[in-house]
Amino acid sequence: MRLFPQALMATCALAAPRGRGGTPTKPSTSERQRRLYDRGCLFSPEGRVYQVEYAEKNVARGSFAVGAVAPDGVALAAVRSAHARSVPGAFLERRWRERVHRVDDTIACVACGLVPDALQLLAALRDFCRRHRSTWGEAPPVEACARHLGRLARAATARAAGRPYGAAFLIGGFDEGSTEPRLFRTEPSGAYEAYGVGGVATAGAAPDGSTIADLERAAAACGDVADGADAAYAAAVAAAEASPPTDRSDAVATDVELAVLRPSGCVICDADELAERSERRSSSAATES
């Protein structure tokens with residue numbers, strides 16, 4: 001009976017972290033505070049919510065996504081996740097979309113971050129659009145969609161025992177009866193921001209700074225949404241080429257998803273359109289070289 005406490009003390013001594021000379025070391029005050037306030041969505045003494053910061057880091061580490069606003073429309077492009085890109089394109093259903101989704105007739109979005117979290121929020125957003133149509137007979141404003149996602153994200157940060165959604169969205173489209181393009185970016189914290197004509201919204205692991213600078217210059221100078229789609233697609237392909245899957249060393253047409261929104265409706269490019277766009281880009285690059 002006397003050996004049990006001694007064995008327990010010895011086990012604790014071995015498990016304790018040790019500093020110089022083998023003496024146990026105590027975690028610093030900041031580490032203890034982080035452990036205490038890292039178990040849920042609680043404010044730390046510094047006013048930080050660590051779980052929200054982790055969700056934002058998850059979005060920042062995800063695949064690249066971009067939205068460009070032209071005078072007559074919005075272009076949305078995104079790189080598929082490394083897992084989806086490692087699957088041969090012949091095995092994927094041709095109409096399957098991982099990141100670019102249609103929300104309503106003239107509203108589309110790009111899901112950024114953790115895909116399952118984003119799909120759950122997307123289902124809630126589509127249900128919101130259906131209820132708005134059944135009540136008012138028209139689609140909700142694009143900003144109302146961004147605000148609704150912000151409410152859902154903010155509600156997840158108000159549960160001490162839960163965690164926020166590790167997802168953000170780029171939402172583009174047109175309000176009912178309007179020809180003004182709208183683009184919003186939502187955050188895991190619940191905040192959202194708007195972009196005007198010539199604006200560029202990005203999310204995820206971006207390519208090098210020169211690619212982003214070229215994208216911003218192209219978006220500011222584009223005359224129509226076709227030019228914006230070319231700029232967004234080029235930036236997404238550059239991001240795909242900079243981070244290929246481990247089993248491949250090159251980017252293919254199915255690595256990128258693209259949507260073009262005009263007042264007449266939303267068009268999500270299929271595999272054939274993306275293949276043609278990829279061939280045109282390759283031929284133009286070969287001609288320039």
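At what angle do the axes of helix α7 (residues 209–221) and helix α8 (residues 225–242) cross, and within what distance do they come? The views below begin with this pair. The model is predicted, so that local features need pLDDT of at least 70 and side-chain atom pairs count only at pLDDT 80 or more, while totals for chains, interfaces and linings use all residues. Residues are numbered from 1 along each chain as its sequence is written, and side-chain values use heavy atoms, with hydrogens and water left out.

**View 1. Helices α7 and α8.** The two axes come within 9 Å and cross at roughly 175 degrees, where axes are lines fitted to C-alpha atoms, for helices over the stretch in contact, and angles run from 0 to 180 degrees between N-to-C directions. That makes α7 roughly antiparallel to α8 (angles under 35 degrees count as roughly parallel, over 145 as roughly antiparallel, 65 to 115 as roughly perpendicular and the rest as oblique). Thr-211, Leu-215 and Ala-218 of α7 meet Ala-231, Ala-232, Ala-235 and Ala-238 of α8, contact meaning heavy atoms within 4.5 Å.

**View 2. Helices α5 and α6.** Helix α5 (residues 115–136) packs against helix α6 (residues 142–157) at an angle of about 130 degrees, the axes being 10 Å apart, which makes α5 oblique to α6. On the α5 side the contact includes Leu-121, Phe-128 and Arg-131, and on the α6 side it includes His-148 and Leu-152.

**View 3. The five-stranded sheet.** The strands of this open sheet follow the order β3-β4-β5-β6-β7 with antiparallel pairing, two strands being paired if DSSP finds at least two bridges between them. Because β3 (100–104) and β7 (192–195) stand at the edges, each with a single partner strand, one side of each is left without a neighbour in the sheet. β3 pairs with strand β4 (residues 107–113) over four bridges in the antiparallel sense, and Val-100 stands opposite Val-110 in β4.

**View 4. Helices lying across the sheet.** Helix α3 (residues 50–61) lies across β4, β5 (167–174) and β6 (181–186) and runs at about 105 degrees to β4, whereas α5 lies across β3, β4 and β5 and runs at about 20 degrees to β3.

View 5. Ser-81 is placed in the loop between β2 (73–79) and α4 (82–86), and at 19% relative accessibility Ser-81 counts as buried (under 20% relative accessible area, with exposed over 50% and partly exposed in between, for a 1.4 Å probe and protein chains only). Leaving aside neighbours within four places in sequence, Ser-81 is in contact with Ser-63, Glu-98 and Arg-99.

Methods: Helices (H or I, at least four residues) and strands (E, at least two) are DSSP runs, numbered from the N terminus.
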